[in-house]
Amino acid sequence: MPFPAAPRRSRVLRAAAVLVTVAVLAAACDGSGFSPTGGGGSDDKTTAAAATEAVLSTNVADKASGVPVDKVVKVSAEHGKITDVVVRSKAGKVSGRLVADGSRWVSTGGLEPGVRYRVRATAQNGDGKQVENISSFTTQALSLDQQTYPSVAPLQGETVGIGMPVIVTFDLPVTDKASFERHMKVATTPVQQGSWRWVSDTVAHWRPKAYWKAGTKVSVDIGINGVAAGGGIYGQEDRKVDFKVGDAHVYKVNAATHQMKVFSNGKLLRTLPITTGKPGFTTRSGVKVIMEKFATRRMNSETVGIPQGSAEAYDINDVRWAMRLTNSGEFIHAAPWSVGSQGRANVSHGCTGLSTDNASWLYDMTRRGDVVTYTGTDRPMEPDNGYGDWNIPWKDYVAGSALH
């Protein structure tokens, strides 16, 4: 049962900025070979003062146009220290950092396309004399088809299960994956080792080496605004998402014994009778993760390749307490029509059926990202059929990073 495509976001301009060169000229002799005060040569005090005046320079020329949005703006100072740099457009201010000795400022935020930036820089020399330079430039214009927008899961503030991967989906392909991945950060408290893995040109997953620790706080920073994605495409917008990991829920399904053992934080809560896929519709064995929940859902066999008119066809409008496990259509759900077989035989088309009461109880405690492990069949779970990340050995998972 494939998901509907998400609508593309409207493009949001954002701020960035740049700087220009200021040259400070000093007074010396009048060109005649004599100083104004008499004697041969220049005034030594005036020359010394001129030599110490700060000079500001930037790597973007004043009034430049068509500046690439991935341009890193740099401002440098000679004979003094930078005291302030402001790069701003109507969309806002561009972030940057000043090196410890004050000799250089470097932008850290991306530039927006088709925007005029004003750059104001100040510096002072050792005697406290201040100089200022103001300049401007305009960035290249980009169409929507030249910008890729990142959608992030989990959602801001969401509490998820210990198996939930971080998922970033781009609406246009990323061919320079290494460039993007350098700007995609995941921070955890407590610290847990993890890695990105590119599923495709538009999807990247991040998971820890082992299941999340219950109670973990996670911050995701996708800082790809203005970053080159390859093929003339650039990142459209930065995204930051914070979420939390809840209790450690692990449901262990044995298709051979027709039972599900429900664990929370290592404690067995209940053992539930279930039914899984019958011959020809075998349920996959492996590690699955709850992807989404529906209090009521229509289930139609045509969505899983069983045509209308087939002896195996079905169309049920109000399946209760349904929880998706795979893209291909495996769910855990209430199946009151198969209660007589639950705990005894496998009679479904691949889903895991429970009584209505048991399904309701399980549904109420379950979050997206909870882990469901399946054993007892000879059909393996495919790693990319839903959130199948845990079926990939860690070494192979890390190899899926563009920076590996």
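Rings of Phe, Tyr and Trp (for Trp, its six-membered ring) pair if their centres lie within 6.5 Å; planes under 30 degrees apart count as stacked, over 60 as edge-to-face and the rest as tilted. Ring pairs of this kind link Phe170, Phe180 and Trp198 into a cluster. The model is a predicted one, in which local features need pLDDT of at least 70 and side-chain atom pairs count only at pLDDT 80 or more, while totals for chains, interfaces and linings use all residues. Residues are numbered from 1 along each chain as its sequence is written, and side-chain values use heavy atoms, with hydrogens and water left out.

Helices (H or I, at least four residues) and strands (E, at least two) are DSSP runs, numbered from the N terminus. Buried means under 20% relative accessible area, exposed over 50%, and partly exposed in between (1.4 Å probe, protein chains only).

**Aromatic pairs**

- The count of aromatic pairs comes to nine.
- Phe170 and Trp198 are stacked, because their ring centres are 6.1 Å apart and their planes stand at 15 degrees.
- Phe170 belongs to strand E13 (residues 166–170) and Trp198 to strand E15 (residues 194–198), so this pair ties together parts that are 28 residues apart in sequence.
- Phe170 and Trp198 are both buried.
- Trp321 and Tyr363 form a tilted pair, since the ring centres are 5.0 Å apart and the planes are at 55 degrees.
- Trp321 lies in strand E26 (residues 315–324) and Tyr363 in helix H3, so that distant parts of the chain, 42 residues apart, are linked.
- Trp321 is buried at a relative accessible area of 16%, and Tyr363 is buried at 13%.

**Salt bridges**

- A salt bridge is a side-chain nitrogen of Lys or Arg within 4 Å of a carboxyl oxygen of Asp or Glu; the whole structure holds 13 of them.
- One of these joins the side chains of Arg120 and Asp84, with an N to O distance of 3.6 Å. Arg120 is in strand E8 (residues 116–124) and Asp84 in strand E4 (residues 81–89), so the pair ties together parts that are 36 residues apart in sequence.
- Arg120 is partly exposed at a relative accessible area of 26%, and Asp84 is partly exposed at 33%.
- Glu158 and Arg368 form another salt bridge, with their closest N and O atoms 2.8 Å apart. This pair links distant parts of the chain, 210 residues apart: Glu158 is in the loop between strand E11 (150–153) and strand E12 (159–160), and Arg368 is in the loop between helix H3 (356–365) and strand E29 (371–375).
- Glu158 counts as buried, at 17% relative accessibility.
- Glu382 and Arg284 meet in a salt bridge of 2.8 Å, N to O. The two residues are 98 residues apart, with Glu382 in the loop between E29 and helix H4 (394–399) and Arg284 in the loop between strand E23 (267–273) and strand E24 (286–289).
- Glu382 is partly exposed at 33% relative accessibility, whereas Arg284 is buried at 8%. Salt bridges that share partners join Arg284, Lys288, Glu330 and Glu382 into one network.

**Cis peptide bonds**

- Ala153 and Pro154 are joined by a cis peptide bond, with omega about 0 degrees; Pro154 is in the loop between E11 and E12.
- The C-alpha atoms of Ala153 and Thr169 are separated by 8.6 Å, the two residues being 16 residues apart along the chain. Thr169 is in strand E13 and is partly exposed, with a relative accessible area of 32%.
- The peptide bond from Thr189 to Pro190 is also cis, with omega near 0 degrees; Pro190 is in the loop between strand E14 (184–189) and E15.

**Positive phi angles**

- His79 has a positive phi of about 60 degrees although it is not a glycine. His79 lies in the loop between strand E3 (74–78) and E4 and is partly exposed at 48% relative accessibility.
- His258, also a residue other than glycine, has a positive phi near 65 degrees. His258 lies in the loop between strand E21 (249–254) and strand E22 (259–264) and is buried, with a relative accessible area of 11%.
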